Amino acid sequence: MAAKVLAIVLAGGEGKRLMPLTTDRAKPAVPFGGMYRMVDFVLSNLANAGYLKIVVLTQYKSHSLDRHITKTWRMSTLLGNYVTPVPAQQRRGPWWFAGSADAIYQSFNLINDEQPDHVIVFGADHIYRMDPRQMVEDHIASGAGVTVAGIRQPLSMADQFGVIEVGEDGRRIRAFREKPTDAVGLPDAPDQIYASMGNYVFSTKALCEAVERDAEDKSSKHDMGGSIIPMLVERGEANVYDFRDNEVPGSTDRDRGYWRDVGTLDSFYDAHMDLINVHPVFNLYNFEWPIYTAQPPYPPAKFVHQWGERVGRAVGSMVSPGAVVSGGLVENSIVSPKVKVHSWAHVDGAVLMEGVDIGRHAVVRRAILDKNVVVPEGAEIGVDLEKDRQRYTVSENGIVVIGKGQKVEP
């Protein structure tokens, strides 16, 4: 008989480093790739793998996230399947989640209701494809209390990640360290380290015991990566799962093993640019392992006008349904639904979210424009960064970011 598995998705983070995109929404609810929300990627991975009992723990600015999940992620109830958002309920007292481990502690009723053999605990704000079944099978075979997904990264980048250090067998975790400057390379690859992906598979007993013990420690940060995993490492109950061993149906040599933590504006922008290469670094066109989302009844994208330089066209870009490129040029960009690009406008290297309106003769370069931003006729964004810094958010790498509802100066 197949093991009973409950999936818990942690979606309560504030996402401060993605401001202003998270001014009005939780990080997992931030739109991505034109049609999607960040949370759609982890939910699609779980659904494609056949794990159809999923709870999404939410907290900060969760309305749009709750609404998206409720409207989009509807499972057949015939077999008891569900995807449901679960806000902080103060079941343990008059306080909100104090960390990801505390979120699970305060949500023990969900585990008690399902009585699973194993619990998947995945983050909600990474862009990747993964078949969780293979990780669960590896976990069960190992007999470990927890299995942590690790992705190989250069040793020189160890100070950017939570690093998993393993023993000589390459499996058992001997240390779990946050951004170390003296990390040790892997036994089979001294120039590499395992970076934690924030994805865990627990045996239910090990999870509940560890979280209860952590809840009693008033000095703890009550964090899965910072508190629970080190506890199980110390007890010799933690294994690593090598993400490169995960075989996703339909993946290509170019996008196999892709995973990106879009925790900053620059990484968010770079992840979008990964989508639009001729041979994408991350391929949304893998129909064997689809990314699911809501599909509103928008008409097809439209390109109009062909007179002199007034030609509606898009090159090296992804254009979503409902968008109209009317006599303007779009290059190397992501165009979301209901975007309008008017005549003689030039958009290059931009992420335009739903409902953005680019006026005539406007120029937008290397920018992220949140929903419903209106760029007036003749305005320039990304042309003079010093001027942009006085009015908008500009990332470390020079990406201009304009938040939802923010006024754009002519």
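## An aromatic cluster

Which residues form one aromatic cluster? In this predicted model, the members are Phe-32, Tyr-36, Phe-41, Tyr-258, Phe-268 and Phe-282.

## Aromatic pairs

A pair of aromatic rings is described by the distance of the centres and the angle of the planes. The count here comes to eight aromatic pairs. One of them joins Trp-73 and Tyr-292: the ring centres are 6.1 Å apart and the planes stand at 90°. Planes over 60 degrees apart count as edge-to-face, so this pair is edge-to-face.

Trp-73 has a relative accessible area of 7% and is buried. Tyr-292 is partly exposed, at 37% relative accessibility.

Tyr-105 and Phe-108 make another edge-to-face pair. Their ring centres are 5.6 Å apart, and their planes meet at 70°. Phe-108 is buried, at 6% relative accessibility.

## Helices α6 and α7

Two packed helices are described by the angle between their axes and the distance between the axes. Helix α6 covers residues 204–215, and helix α7 covers residues 224–234. Their axes come within 10 Å and cross at roughly 115°. The crossing is right-handed.

On the α6 side, the contact is made by Ala-206, Leu-207, Ala-210, Val-211, Arg-213 and Asp-214. They meet Met-224, Ser-227, Ile-228, Met-231 and Leu-232 of α7. Eight of the contact residues are nonpolar, one is polar and two are charged.

Terms used
Residues numbered from 1 in each chain as written. Predicted model: local features only at pLDDT ≥ 70, side-chain atom pairs only at ≥ 80, totals over all residues. Heavy atoms only, no water. Axes fitted to C-alpha atoms, helices over the stretch in contact; angles between N-to-C directions. Helix = DSSP H or I, 4+ residues; strand = E, 2+ residues; numbered from the N terminus. Left-handed = near helix turned anticlockwise from the far one by under 90°. Contact = heavy atoms within 4.5 Å. Nonpolar A, V, L, I, M, F, W, Y, C, P; charged D, E, K, R; others polar. Phe/Tyr/Trp six-rings, centres within 6.5 Å; stacked < 30°, edge-to-face > 60°. Buried < 20%, exposed > 50% of the residue type's maximum accessible area, 1.4 Å probe, protein only.
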